[in-house]
Amino acid sequence: MSRLPVVAVVGRPNVGKSTLVNRILRRRAAVVEEKPGVTRDRKEFIAEWAGRHFLLVDTGGWAVKGDDLVAGIRHQAEAALSAADVVVFVAEATTPYTEDDLAVARLVQASGLPAVLAANKADGPGVDLEVGGLWALGLGEPRPISALHGRGTGDLLDEIVALLPPSDAAPAEDRVPTLAILGRPNVGKSTLLNRLLGQERVLVSPKPGTTRDPIDVVVDLGGEAFRVWDTAGIRRASRVEEATEYFSVLRAREALAQADVALLVTDATSGITHQDQRLAEEIAEAGVGLIVLLNKWDAADPEAKEIAEDGADDRLGFVDWAPVLRISALRGARLHRLPAAVRAVLEARRTRLPTPELNRRLRDWQEAHPAPPRRGRRPRIMYAVQAGIEPPTFVLFGRGEIGPDYLRFLENRLRAEYEFTGTPLRLVTRSGRKGEDGSGRRSVGAAGR
């Protein structure tokens, strides 16, 4: 199958590129805020118009001057342009063009690519007469649009589609496992993704909060394709102050909800924190597989390494079923162990136990260690069945109320007998008589998805 044609949306900061991307996609996929610099990495989406599918690339604002972060954003925009088939140059309809507009226009002209000039923020017909000055950019006729309200975007898309190269490509439907890279800000998540890709696909900066949108790419790990989401750093709710950060965190959690395995990146130089604990808890509750990465291992001194390892055993003891890898994303040290760990977790998540074997095990465990009495009665599991996988989910039918302590005992027995490495387990109780155990449901380990 041929590749999808690529449409790159470029322009200086804060002209409405991400708003236009959201309008084309008909959903709020890119983070938008009325200040420059919100989009920093290039982000790709599959879009469709008039039966044609294409890869839509949202880029950060291109600026001539600025610090290292601005230079990195510019580099990402230039990389998107180098891979494009069609360019959508976004400028403002209501303000004169700037030095940055001219610089981006020269870049587009030098590429030789077919381009469409979108004069954004033309919210009414009265503004259309003001766009004439944009002819000076040398990119042809300015097309007045309002990405916010949708005005003129249909005609713009017609023009974009007409410029696409002939292609019979359709969106890939093959299901590949999804990995979500999660962690606190500035622990090395984007560095990890760049290392896995073998290129600087994601902007990296010592400044926390560089990643805003989740970055969705396909990575080859040990000869197998994986879809990887690099997410924004998640801080505790009391410290999420800006609207941009709020939506970034929201999208990180949406990425987690779609993931098969989460790579929880922690900082070995600072040890396991309370926020790392909360993230591990969120991952387990979502029913997602988990691998803990102690990153910056090469930069940690012997005392810090001991503290990090003790913290993983202690503070993350409630997910002691998760593999722990000591790595350096910056140098690539020990990352060769990651593909095997991911495959082991995926296999564990798909494990299915035969019903006769499951019930035989449960009978033996109950005979050796009966459930403690609750409310004057000793509960008993009469029958069990595995109701699902990803994560493995078991429904226990019984008499009386099975307490959480006994469910934890059963989970531990299941883990001792079977390879459930890296995956939460879900145990749900069903009472023999309606209401006998309160809700009739109880989960242990994870709520599942």
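Where is the place of Thr-351? Thr-351 is in the loop between α9 and α10, where helices (H or I, at least four residues) and strands (E, at least two) are DSSP runs numbered from the N terminus. The structure is a predicted model, in which local features need pLDDT of at least 70 and side-chain atom pairs count only at pLDDT 80 or more, while totals for chains, interfaces and linings use all residues. Residues are numbered from 1 along each chain as its sequence is written, and side-chain values use heavy atoms, with hydrogens and water left out.

The protein chain has 11 helices and 15 strands. Of its 449 residues, 53% are buried; buried means under 20% relative accessible area, exposed over 50%, and partly exposed in between (1.4 Å probe, protein chains only). A contact is defined by heavy atoms within 4.5 Å. Among contacts in the protein chain between residues at least 6 apart in sequence, those joining residues at least 24 apart make up 69%.

Not counting residues up to four places away in sequence, Thr-351 touches Gln-386, Ile-389, Pro-392, Glu-419 and Phe-420. Phe-420 is 69 residues from Thr-351 along the chain, and their C-alpha atoms are separated by 7.7 Å. A polar atom of the Thr-351 side chain also lies 3.1 Å from the backbone oxygen of Ala-348.

Helix α10 (residues 355–368) packs with helix α11 (residues 404–417) at an angle of about 125 degrees, and their axes are 11 Å apart. That angle makes α10 oblique to α11. Axes are lines fitted to C-alpha atoms, for helices over the stretch in contact, and angles run from 0 to 180 degrees between N-to-C directions. Angles under 35 degrees count as roughly parallel, over 145 as roughly antiparallel, 65 to 115 as roughly perpendicular and the rest as oblique. The crossing of α10 and α11 is right-handed, a term used if the near helix is turned clockwise from the far one by less than a right angle, with anticlockwise giving left-handed. On the α10 side, the residues that meet α11 are Leu-358, Arg-361, Leu-362, Trp-365 and Gln-366. Their partners in α11 are Tyr-406, Phe-409, Leu-410, Arg-413, Leu-414 and Glu-417. By class, this contact of α10 with α11 has seven nonpolar, one polar and three charged residues. Ala, Val, Leu, Ile, Met, Phe, Trp, Tyr, Cys and Pro count as nonpolar, Asp, Glu, Lys and Arg as charged, and the others, Gly among them, as polar.

Glu-401 is found in the loop between β14 (393–399) and α11. Glu-401 counts as buried because its relative accessibility is 10%. The side chains of Glu-401 and Arg-374 are joined by a polar contact of 3.3 Å. A polar contact is a pair of N or O atoms within 3.5 Å; within protein, one must be able to donate a hydrogen and the other to accept it, and residues adjacent in sequence count only if both atoms are side-chain atoms.

Asp-267 lies in strand β10 (residues 261–267) and is buried, with a relative accessible area of 9%. Its side chain makes a polar contact of 2.4 Å with that of Thr-269. Leaving aside neighbours within four places in sequence, Asp-267 is in contact with Arg-184, Val-187, Asn-295 and Lys-296.

Arg-331 is in the loop between β12 (324–326) and α9 (338–349), and counts as exposed at 62% relative accessibility. A polar contact of 2.7 Å joins its side chain to that of Asp-298.
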